[in-house]
Amino acid sequence: MLCPFCLDDVTFRQVEAAGVPIYVCPRCKEQTPALYSKGYRRYPPVVVSAVGFRQHGKTVYFASLFYVLKQLALDQLWPEFFTMGLNEESLDTVQKNVAMLQGGQLPASTPKNFPQPTMIRLQGIPFEPDCTLLCYDTGGECFERPSQLVQYGGFVKRARLAMLLVSISDLEDAPREMHKLLNTYIVGMEELEATSQDQHLVVVFTKVDEITSRLLDGWSDLRDYMMAGDIESLAHPGGYLKRMRFISDRLRDFTGVELRAFEFLNAAEASFRSVEFCMVSSLGARPQDGRLPVQIVPRRVVDPLLWMIEKSVPPWFRWLKWLFP
Ligand SMILES: Nc1nc2c(ncn2[C@@H]2O[C@H](COP(=O)(O)OP(=O)(O)OP(=O)(O)O)[C@@H](O)[C@H]2O)c(=O)[nH]1
Ligand SMILES: [Mg+2]
Ligand SMILES: [Zn+2]
């Protein structure tokens with residue numbers, strides 16, 4: 001089983017603590033949530049590693065995703081849907097983040113360290129298998145040099161899908177900087193004795209509300225997709241996934257034609273098993289003076305999550321669910 005703390009494959013040891021059985025990793029000695037170890041086969045782990053430069057929207061993305069999963073009425077669209085935090089820290093993180101966004105605040109810059117995962121079980125997304133998200137978020141500095149990635153971002157090597165978060169409006173030279181981020185990631189992976197060739201890649205353009213009027217001119221289908229990004233559209237995930245694939249192809253074109261990031265595209269295609277694109281606006285609008293003047297209106301933040309589950313959970317696991325529901 002994958003230990004969420006040291007990310008090794010281990011068999012958790014059951015020991016007694018104050019008369020209560022707990023599960024402990026034999027390698028890092030961290031206590032693993034009982035729900036995680038007991039539900040390991042039924043809810044396989046999906047490592048969600050957000051990779052991106054400082055201030056490109058990683059922490060706000062996670063907060064907005066938790067907000068959407070908890071606050072918006074997804075259970076009314078997906079009749080069997082619910083989430084479950086697997087330990088106290090995960091429950092706290094989710095609640096704190098949702099309260100922060102509701103209170104109009106934004107997170108401070110994330111320190112550079114090896115992060116604790118936020119562990120959330122997802123159940124009942126139609127057409128998607130149940131799973132446990134292990135979300136890792138560290139400071140963007142860790143993705144500026146391969147040595148930093150090795151030291152603080154070792155969780156990336158256990159992800160089946162690398163999620164690259166890129167805010168185009170924060171880049172002066174998008175083709176060069178996007179390629180640099182990718183290059184750093186690929187070198188770091190090899191240093192970690194893993195290889196990007198085993199992973200899928202999803203490029204997530206963040207803060208898209210800041211570029212809709214300017215850059216997306218001439219890409220009306222992309223702009224319309226963002227504008228119509230409310231959660232109602234998620235009611236029919238079958239059609240939704242098809243749409244996501246179309247948008248991915250269009251964003252690939254956009255990355256070449258508009259951003260001229262050909263080197264990035266070529267290197268990505270050659271280095272990963274597959275490359276997809278999506279775009280989000282975690283807040284819906286630009287904050288003013290470091291605060292959110294109005295309630296957030298997240299757009300398309302579930303898209304990266306659906307890509308993650310699509311690419312991370314092996315097909316045989318889906319068949320098992322359909323054969324033995
Ligand atoms: N307009 C707009 N701004 C956003 C959005 N998401 C984040 N931001 C802005 O970007 C800032 C940085 O976002 P964070 O999520 O903290 O960035 P980060 O990648 O976690 O940064 P580090 O922790 O420093 O690596 C926020 O304080 C917001 O001002 C969005 O959807 N739209
Ligand atoms: Mg952060
Ligand atoms: Zn461990």
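A: Val24 stands opposite Gln31 in strand β3. Two bridges join β2 to β3 (residues 31-32), and these strands run antiparallel. Strands pair if DSSP finds at least two bridges between them. A strand here is a DSSP run of E, at least two residues long; a helix is a run of H or I, at least four long; both are numbered from the N terminus. The model is predicted, so local features need pLDDT of at least 70 and side-chain atom pairs 80 or more, while totals for chains, interfaces and linings use all residues. Residues are numbered from 1 along each chain as its sequence is written, and chains are lettered from A and ligands numbered from 1 in the order written.

Stay with β2 and β3. They form a hairpin with six residues between them. In the turn, Lys29 has a positive phi of about 70 degrees.

Now look at the other partner of β2. Strand β1 (residues 13-17) runs antiparallel to β2 (residues 20-24), and five bridges join the two. Val15 has Ile22 of β2 as its bridge partner.

The three strands form an open sheet in the order β1-β2-β3, and the pairing is antiparallel. β1 and β3 are the edges; each has a single partner strand, so one side of each has no neighbour in the sheet.

Seven strands line up as β5-β6-β7-β4-β8-β9-β10, with mixed pairing. Its edges are β5 (82-85) and β10 (274-279); each has a single partner strand, so one side of each lacks a neighbour in the sheet. On average, neighbouring strands are turned by 25 degrees against each other, direction ignored. Within this sheet, β6 (residues 118-123) and β7 (residues 131-136) run antiparallel, joined by five bridges. Leu122 faces Cys131 of β7 there. Helix α10 (residues 302-312) packs on the sheet. It touches β4 (45-51), β7, β8 (161-166), β9 (200-205) and β10. Its direction makes about 160 degrees with that of β8. Such angles run from 0 to 180 degrees between N-to-C directions of axes fitted to C-alpha atoms.

Next, helices on helices. α2 (residues 58-71) and α4 (residues 88-102) pack at about 95 degrees, with their axes 9 Å apart. They are therefore roughly perpendicular (65 to 115 degrees; under 35 is roughly parallel, over 145 roughly antiparallel, the rest oblique). α2 brings Phe62, Ala63, Ser64, Phe66, Tyr67, Lys70 and Gln71 to the contact, and α4 brings Val94, Asn97, Val98, Met100 and Leu101 (C-beta atoms, placed from the backbone, within 7 Å). By class, that contact has eight nonpolar, three polar and one charged residues (Ala, Val, Leu, Ile, Met, Phe, Trp, Tyr, Cys and Pro are nonpolar; Asp, Glu, Lys and Arg charged; the others, Gly among them, polar).

One more pair remains. α6 (residues 174-191) and α9 (residues 262-271) pack at about 25 degrees, with axes 8 Å apart. That makes α6 roughly parallel to α9. From α6, the contact uses Pro175, Met178, His179, Leu182 and Ile186. From α9 come Glu263, Phe264, Ala267, Ala268 and Ser271. Seven of these residues are nonpolar, two polar and one charged.

Note on methods:
Contact = placed C-beta atoms within 7 Å.
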